[in-house]
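Please read it with the structure open.

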Amino acid sequence: MTARITPSILNADFARMGEEVTAIPSADGIHIDVMDYHFVPNLTMGLPMVQSLRKVTTTPFDIHLMISDPDTWAPSYVEAGAESVTFHLEAAKAPVRLAREIRGMGARPAVALKPATPVEQLADILTEFDQILIMTVEPGFGGQSFLDVVLPKIRRTRQLIDATGADIWLQIDGGVSVETIGRAAEAGADTFVAGSAVYSSDDPDAMVRELRMLAEQRQH
Ligand code: DX5
Ligand code: ZN
């Protein structure tokens, strides 16, 4: 198996975002956390940031929408050049319709679950998505501690994905570091968001490569 690392720019320097993004050429994708102060108690960035960053890098964009109304806004992120758009199951009014709309526009539809949301809610609609995001912190802020309590859900998600036979990526997000990435990889994750671990490192690109190596050592 290969491990993909998609660094979150939430902990990057917002005044130098273009440079921060181009400083991690080893990244498999740039994870962009969109928060609306309603779905989560924090406000970050939106379409203008995505449109501007699209001009400075060809690395795929992995948009994570932590917003109350993804049904309205997700398609605009595809238009802005995102390769992958993730919305929360807890927020979407019509997740299947929205996933099909994103896929129809040529991007990868993805769905996220907060720590307390059981993955079984997705069991019947898994193949509508190209990626499942299991949150390993409560969404809203970078720099929180990895929630080990979510590990059994990562294992169950891996089993559900394998049973479909489809190439669906299993992403985790929150508290990923050199200490925690191995446990998540062992549980079945193959795509890893890392925010503070990458951007608080002296050498962010080297950290991306180290995290990938540590994950691949523990994958089955
Ligand atoms: C949290 C965001 C994460 C976060 C990751 O709500 O979705 O992407 O920025 O940051 P770290 O890696 O610091 O937990
Ligand atoms: Zn995120």
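**Notes on the ligand 1 site**

1. The structure is a predicted model, and the points below should be read with that in mind. Gly 143 contacts ligand 1 through its backbone: one of its backbone N or O atoms is 2.8 Å from an oxygen atom of the ligand.

2. In Asp 173, a side-chain N or O atom lies 2.7 Å from an oxygen atom of ligand 1. For His 31, the distance between a side-chain N or O atom and an oxygen atom of ligand 1 is 3.4 Å, against a cut-off of 3.5 Å for such a pair.

3. How much of ligand 1 does the protein bury? On its own the ligand exposes 380 Å², and 100% of that area is buried by the protein.

4. The shell around ligand 1 holds 21 residues. Those that come nearest are Gly 140, Gly 143, Asp 173, Gly 195 and Ser 196. Sorted by class, the shell contains 11 polar, 8 nonpolar and 2 charged residues.

5. Which strands supply at least two residues each to this shell? They are β2 (30-35), β3 (61-66) and β8 (191-194). The greatest contribution is that of β2, with 3 residues.

6. Ligand 1 takes up the space of the largest pocket. The volume of this pocket is about 240 Å³. It is lined by 26 residues, of which Phe 141, Gly 142, Asp 173, Gly 174 and Gly 175 are the closest to the pocket centre.

7. By class, the lining is made up of 12 polar, 11 nonpolar and 3 charged residues.

Key
Residues numbered from 1 in each chain as written. Chains lettered and ligands numbered in written order. Predicted model: local features only at pLDDT ≥ 70, side-chain atom pairs only at ≥ 80, totals over all residues. Heavy atoms only, no water. Near = heavy atom within 4 Å. Polar contact = N/O pair within 3.5 Å; in protein donor to acceptor, adjacent residues only side chain to side chain. Areas by Shrake-Rupley, 256 points an atom, 1.4 Å probe, with all protein chains shown as cover. 1 Å grid on protein atoms, 1.4 Å probe; cavity = no way out; pocket = protein on both sides within 12 Å on 5 of 7 lines; lining within 4 Å. Sits in = over half its atoms within 2 Å of the grid points. Helix = DSSP H or I, 4+ residues; strand = E, 2+ residues; numbered from the N terminus. Nonpolar A, V, L, I, M, F, W, Y, C, P; charged D, E, K, R; others polar. Points joined across faces, edges and corners; volume = space filled by probe spheres on them.
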